[in-house]
There are 2 protein chains.
Amino acid sequence: MPFAPLADALRRALVDIVGPAHVLDDPSITGGFARDWTGRFAGSTAAVVRPGSTAEVAAVLVACAGAGVAVVPQGGNTGLVAGGVALGGELTLSLTRLDHIAPVEPVSAQVTAGAGVTLAALRRAASAAGLDFAVDLAARDTATIGGMVATNAGGLHVIRYGPMRAQLVGVEAVLSTGAVIGDLRGLLKDNTGYHWPSLLCGSEGTLAVVTRARLRLVPRPAEHAMALLAVADAATAVGVTAALRHSLPDVHAIELMTAAGVGLVCDTLGLPPPFARPAPFVVLVEAAGAPGVLERLAATVGVIAGVDDTAVAVEPDRRAMLWRYREAHTEAIARLGPAHKLDVTLPGPALGAFLPEVSELVTRLRPEARVWLFGHAGDGNVHVNVTGVEAGDDEVDAAVLELVAERGGSISAEHGIGRAKLAFLHLNRTPDELAAMRAVKRALDPAGILNPGVLLPGG
Amino acid sequence: MPFAPLADALRRALVDIVGPAHVLDDPSITGGFARDWTGRFAGSTAAVVRPGSTAEVAAVLVACAGAGVAVVPQGGNTGLVAGGVALGGELTLSLTRLDHIAPVEPVSAQVTAGAGVTLAALRRAASAAGLDFAVDLAARDTATIGGMVATNAGGLHVIRYGPMRAQLVGVEAVLSTGAVIGDLRGLLKDNTGYHWPSLLCGSEGTLAVVTRARLRLVPRPAEHAMALLAVADAATAVGVTAALRHSLPDVHAIELMTAAGVGLVCDTLGLPPPFARPAPFVVLVEAAGAPGVLERLAATVGVIAGVDDTAVAVEPDRRAMLWRYREAHTEAIARLGPAHKLDVTLPGPALGAFLPEVSELVTRLRPEARVWLFGHAGDGNVHVNVTGVEAGDDEVDAAVLELVAERGGSISAEHGIGRAKLAFLHLNRTPDELAAMRAVKRALDPAGILNPGVLLPGG
């Protein structure tokens, strides 16, 4: 649909709904809302509207639907695929004022949070109640719960707790018709119709605007222990990963790195190498749970074949140091210049062969390129970063994603499709599936105003 | 939509698709398919069609959509709410021939199973691979995976592993247009559009016909330990339940019983009472995991306030005996005559007050009634059984379900809506939500032939 300019009548209606202070249309202010945090995507927005309640969200959507004005819902604007940023003059619906956190409910260990609550604020509230929230990610100070629901955020502990969808006990959301759907009762068992939380989670703002979420919290582990494990090759690394997943009690995170990545991190940040003899692949494993975690970790690792060396950490400082080898990858790679970042998942059995194959593929295509492989290997998710090629060199991305799809993998493990990956969606979804998605979109957003051009090609 | 009789042309088309042996229309044979296993719901079916592949399912649906013939998908026919049984002459699509189980994939610990695979067969396959399937229920020898997906089956271990939806890594399903959607790649992270597995799970055959499921398997626990805990009242029972959920490592099941139910079971089956002094409420807790389960269970129970007595079991025979007190409730209650069985969930904080309240409500309404309360209390799910009232006395059901809804609960925790609970769905879903569900239904089943009259009032 074409983007109508913000007519006076609509502007007045919006001001009536949210108050004049919350309709922003000075380009010097709204510009920041129409640019993603990486700076890669920048456009313009007709106005930024900041509702303060679910009822205001509903009224805004009804007004926009009536005027045929496209709306981009926006949370903390930390997305990576241009799914929450107005690029073509759409209205931006900023949900950061919905930042209320209800008291943590201790019997069920759940909490209701507004869409605009940041992950960090939610984690503080959970922590104050002696509990923890299962999803964590680097953008925690800015990323909001609404955006994390809309994108089904993942992170480090998916292997243990699942992604955002698995934390979502209930949702309140507003359709573009103004109808409010979902509930926040916090029921763990409720078979009374289609499951809105699951459908809306990962729908990238194309079906409804999430206003509140009912979230499960998890017990805070009594103890943590972690280890870096040196292994000889990719196939062994994947085997070690599977063995850890299946036999380690309280497994909390399993990450994968290569000798090249660890070497780059050590060189860039001046860290000592983790092992006396550099390991071709390094598996990071963390366990967290009831007392005795270290003993259980040691017992499990002790019987896993293929581990050539280990570095263990229990105390927080030492654990933070071992995590640095993994977490500093992004920073170290950034110093090499702009990287192509491809966030893919492979089926478990295909991962071992994929790792060397993707490196060979890229260097065959672009001999000057360097390929950095790391990620949450416990769930098959690998970040394929490529440096040393032009920023706009889409051929590299296409080649990698085509290989991923051929090997049965996902072209977007965590980040979603947004607009950035729209051209590759056909690699994972058949025309029949895209048609079915469009039908669901039309059913719930008949006006077609919610995030047009995001997630669905031509939709 | 009206039910068209099975015209000759459609019959010939179906015979061409699945072969003459798999189009059954002799009423002496089809009668069993049109009657649920409780005998409470019985009707008639124009024919039973038994496709042998996904392609045959698609062709059958296209033929039926073209002829405007309603289709009831059916698995093991163990449902309790008349959601999978033809009552008004619809065609029955029996999926039991889709009974192939692919080899268990050990790296990801996943398996692909056809819709017609029984739960027992799936569990045997998992067990042979040294793994376990997380959902278990009494109808395991007959209930099929397709039906369990369509109804989002729950069971004893939801508190630990979640319901069927949480086991579903992927799904293959056929729309009434003949389009096949979903995938069986087994990816744990895949943010590339609307999540078919979650949407179809619990949709009771109204959106699509599930033909195959990709399921996660779980490690087989090394040890089990369980205990019955005697507590003085409902509020304490709920408090003990919450404490166990939050602090017991490897918690595997938490069930609740009352003195009346335990007494009935003991009297009926000749079991010795579990405690020297009868306990008003009994909490059953089971833990299962790495070695040391009993010690961790004892340590946790030892510091929980409100436990007056305990009976512990570790060995399989002794555990089976303690489980009898809980599992024999259904059998013991059945001997009292037909029971009204209401399967509800309350929010955690509301459960303690609800238990005495619902008993008082029913006995005030029907002084001759007896109320039996038991269930999977760890997730707020209570089975409210009422005996001593007429089978058709809907006023009792209505009163209980209205109280449940007032207290923020679900009128159907596990069983679904089907046709049996259609009249009460408005207690849990707003007109806006029902309209949104109907819109989704129309989007994916434009011909309206899939399970009309099930789940959606007037739909």
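Between chain A and chain B, 39 residue pairs are in polar contact, with both residues at pLDDT 80 or more; the model is a predicted one. On the side of chain A that touches chain B, the elements giving two or more residues are β8 (180-183), α8 (196-200), α9 (234-247), α14 (348-365) and α16 (431-444). The largest share, 9 residues, comes from α16(A). By residue type, this side of chain A divides into 34 nonpolar, 25 polar and 14 charged residues.

In total, 73 residues of chain A are in contact with 73 residues of chain B. The area buried between the two chains is about 5,800 Å², and carbon and sulfur atoms give 59% of that area. K189(A), N191(A) and Y194(A) supply 18% of the area that chain A buries against chain B, more than any other three residues.

Between chain A and chain B there are 8 salt bridges. One of them joins E414(A) to K189(B), with the closest N and O atoms 2.6 Å apart.

Over all chains, the count of salt bridges is 46. Within chain A, E172(A) pairs with R212(A) at 2.9 Å between the closest N and O atoms. Because E172(A) lies in strand β7 and R212(A) in strand β9, this pair ties together parts that are 40 residues apart in sequence. E172(A) is buried at 10% relative accessibility, whereas R212(A) is partly exposed at 35%.

In chain B, R319(B) and E286(B) meet in a salt bridge at 3.6 Å, N to O. R319(B) belongs to helix α12 and E286(B) to strand β13, so the bridge links parts 33 residues apart in sequence. R319(B) is buried, at 16% relative accessible area, and E286(B) is buried at 4%. Finally, salt bridges that share partners join D183(A), R185(A), D190(A), R429(B) and E433(B) into one network.

Methods:
Residues numbered from 1 in each chain as written. Chains lettered and ligands numbered in written order. Predicted model: local features only at pLDDT ≥ 70, side-chain atom pairs only at ≥ 80, totals over all residues. Heavy atoms only, no water. Contact = heavy atoms within 4.5 Å. Buried area = accessible area lost by both parts, 1.4 Å probe. Salt bridge = Lys/Arg side-chain N within 4 Å of Asp/Glu carboxyl O. Polar contact = N/O pair within 3.5 Å; in protein donor to acceptor, adjacent residues only side chain to side chain. Helix = DSSP H or I, 4+ residues; strand = E, 2+ residues; numbered from the N terminus. Nonpolar A, V, L, I, M, F, W, Y, C, P; charged D, E, K, R; others polar. Buried < 20%, exposed > 50% of the residue type's maximum accessible area, 1.4 Å probe, protein only.
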